[in-house]
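Visitor: I am new to this structure and would like to learn how to read its side-chain contacts. Could you walk me through them?

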Amino acid sequence: MSFEEKIRCGVLDISDNSKLSKIDHNLPISITNPSQVLDRSAEIKSLLGDVVKHSNQNYAAAVTKAKTDRLAWRKDKVLKAMRPRMSADRYTDICKALARLDGTDLNEAVTRLEMRWA
């Protein structure tokens, strides 16, 4: 039985490490015609990318923050974009002014800042 046939039948001997590196992502579409091959490497790459992204602690924290408090997430995003382009005093003044605002006023201020800085 060839190596490819062992893979198709699920009878692969794991102790044969030399051949494991030769496994590709191509699977036969049908058993009757093994020459028709389906390349699944893009699907595997996408799946692995999603797993890596969602297991990243920073990404998970950002997604949670965006879902729980959308306004605070928007405000932090705008402030992060503004910071490199402003002096420290001006940035501090804007942060203090935003901290004094309440719900509706803060939403309007963040919306205006997003239009200007985003």
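Visitor: Is Glu114 buried, partly exposed or exposed, and what is the relative accessible area of Glu114?

Guide: This is a predicted model, and in it Glu114 has a relative accessible area of 24%. Buried means under 20% and exposed means over 50%, so Glu114 counts as partly exposed.

Visitor: Which side chain does Glu114 meet in a salt bridge?

Guide: Look for a side-chain nitrogen of Lys or Arg within 4 Å of a carboxyl oxygen of Asp or Glu. Here Arg74 is the partner of Glu114, at 2.9 Å from N to O. The two are 40 residues apart, with Arg74 in helix α5 and Glu114 in helix α7 (residues 103-117), and the pair links distant parts of the chain. Arg74 itself is buried, at 16% relative accessible area.

Visitor: How many salt bridges does a search of the whole structure find?

Guide: The search finds 2. Besides the pair of Arg74 and Glu114, Lys65 and Asp76 meet through their side chains at 2.2 Å, N to O. Lys65 is partly exposed at 35% relative accessibility, and Asp76 is partly exposed at 32%.

Visitor: What about rings: how many aromatic pairs does a search of the whole structure find?

Guide: That search gives 0 aromatic pairs.

Visitor: Which residue lies over the face of Tyr91?

Guide: For a charge over a ring, check the distance to the ring centre, which must be within 6 Å for Arg. Arg83 lies over the face of Tyr91, 5.1 Å from the ring centre.

Methods. Residues are numbered from 1 along each chain as its sequence is written. This is a predicted model: local features need pLDDT of at least 70, side-chain atom pairs count only at pLDDT 80 or more; totals for chains, interfaces and linings use all residues. Side-chain values use heavy atoms; hydrogens and water are left out. Buried means under 20% relative accessible area, exposed over 50%, partly exposed in between (1.4 Å probe, protein chains only). Helices (H or I, at least four residues) and strands (E, at least two) are DSSP runs, numbered from the N terminus. Rings of Phe, Tyr and Trp (its six-membered ring) pair if their centres lie within 6.5 Å; planes under 30 degrees apart count as stacked, over 60 as edge-to-face and the rest as tilted. A charge sits over a ring if NZ of Lys or CZ of Arg is within 6 Å of the ring centre and within 35 degrees of the ring normal.
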